[in-house]
Amino acid sequence: MKRFTNLLSCLFAFGFAFTLASCGSDDSKTITIIASPTPHAEVLENAVAPLVKEAGYTLDLEVADDYVTPNKSVDDGSAFANYFQHVPYLNEFNEENGTDVVPVFGVHYEPFGIYAGKTKSLDSIPDGAQIGVPNDATNEARALLLLQDNGVLTLKDGVGINATKADIESNPHNVQIEELEAAAIADQLESLDFGVINGNYDLENNLGDALVYESTSSDAATVYNNVVAIKSGNEDDPRVQVLEDAFQDDSVKQYFSDNYGNAVVYKYIPKDELYQG
């Protein structure tokens with residue numbers, strides 16, 4: 001983990017008007033937030049921090065390369081907020097670790113796409129086509145739902161976000177579902193007919209456009225929306241509203257559009273409309 005502190009030497013270096021970390025300023029005016037590198041920390045550093053500064057606060061940004069530290073840090077109070085996860089993951093983490101971290105609003109989702117490998121079109125799926133999907137429960141279900149939405153297969157009624165390949169009811173092309181480590185699907189795409197891949201791996205591997213993506217109106221866009229989360233009990237802290245106002249600014253929406261295209265899609269969701277699980 002690295003800390004973007006004193007990045008501009010506390011207002012003096014380079015003559016900028018804001019900094020990401022304060023020089024010992026009032027803690028009540030400092031928002032310490034932990035985020036994943038891409039796109040979360042990039043959005044915070046480049047789009048959100050200036051807006052927080054305009055509101056009279058300082059954004060103290062830490063970057064985490066794992067999915068444990070951010071929730072642990074918020075729960076123990078060493079950070080005020082985090083931004084890296086969706087609600088299903090947060091709920092599971094709280095249950096397994098005894099933490100009490102809660103989402104306060106949603107920001108974006110990273111749509112799954114079906115990417116071409118050996119076969120270049122969903123209109124010409126060969127019999128027995130191999131399709132790579134993530135092997136973790138949450139993302140495998142999401143991949144199978146996208147395949148269903150595009151007519152590749154049909155799942156049993158009601159399985160929803162708990163679907164596994166054992167729930168495939170109709171498989172007209174006799175496709176073979178290959179359960180792979182999510183990060184490995186892009187690397188193996190040339191040996192597969194198709195791969196169902198998350199937007200962040202698209203960015204990391206420069207895959208280009210998918211054949212199809214999850215739509216903004218899909219259940220996945222709400223269920224797997226990436227949220228800002230805080231310690232339960234801090235919901236009325238003014239810093240929550242500062243962050244929420246910043247993330248709703250048109251400049252932040254534009255930053256997503258300009259930098260991530262279809263791989264990361266801005267979709268603000270207020271707390272009372274977030275998926276609960």
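**Close-up views of a predicted model**

**View 1. The loop residue G77.** G77 lies in the loop that connects α2 and β4. The model shown here and in the other views is predicted. G77 comes after α2 and has a positive phi, near 90 degrees. Is G77 buried or exposed? G77 has a relative accessible area of 56%, and it counts as exposed because the cut-off for that class is over 50%.

**View 2. The buried side of helix α2.** Helix α2 spans residues 69-76, and its buried residues are P70, N71, S73 and V74. These residues lie on the same side of α2 because the arc they cover around the axis is only 165 degrees. In an α-helix, residues three or four places apart point the same way because there are 3.6 residues a turn. Which elements do the buried residues of α2 pack against? Their partners are the strands β2 (30-35), β4, β5 (101-109) and β13 (226-231), together with helix α3.

**View 3. The largest pocket.** The largest pocket has a volume of about 760 Å³. Its lining consists of 31 residues. Nearest the centre of the pocket are Y67, N139, N198, N200 and Y201. By class, 12 of the lining residues are nonpolar, 11 are polar and eight are charged.

**View 4. Elements that line the largest pocket.** At least two lining residues come from each of α1 (37-54), β4 (81-86), α3 (87-97), α4 (137-149) and α5 (199-205). Which element gives the most to the lining? The answer is α4, with four residues.

**View 5. The five-stranded sheet.** Five strands make up an open sheet with mixed pairing, in the order β10-β7-β11-β6-β12. The edges are β10 (176-180) and β12 (212-213). Each of these two has a single partner strand, so one side of each is without a neighbour in the sheet.

**View 6. The pairing of β7 with β10.** Strand β7 covers residues 130-134 and pairs with β10 in the parallel sense. Five bridges connect the two strands. Which residue of β10 is the bridge partner of G132? E178 takes that position. In the sheet, β10 is an edge strand with a single partner.

Technical notes: Residues numbered from 1 in each chain as written. Predicted model: local features only at pLDDT ≥ 70, side-chain atom pairs only at ≥ 80, totals over all residues. Heavy atoms only, no water. 1 Å grid on protein atoms, 1.4 Å probe; cavity = no way out; pocket = protein on both sides within 12 Å on 5 of 7 lines; lining within 4 Å. Points joined across faces, edges and corners; volume = space filled by probe spheres on them. Nonpolar A, V, L, I, M, F, W, Y, C, P; charged D, E, K, R; others polar. Buried < 20%, exposed > 50% of the residue type's maximum accessible area, 1.4 Å probe, protein only. Arc of directions from axis to C-beta. Contact = heavy atoms within 4.5 Å. Pairing = 2+ DSSP bridges.
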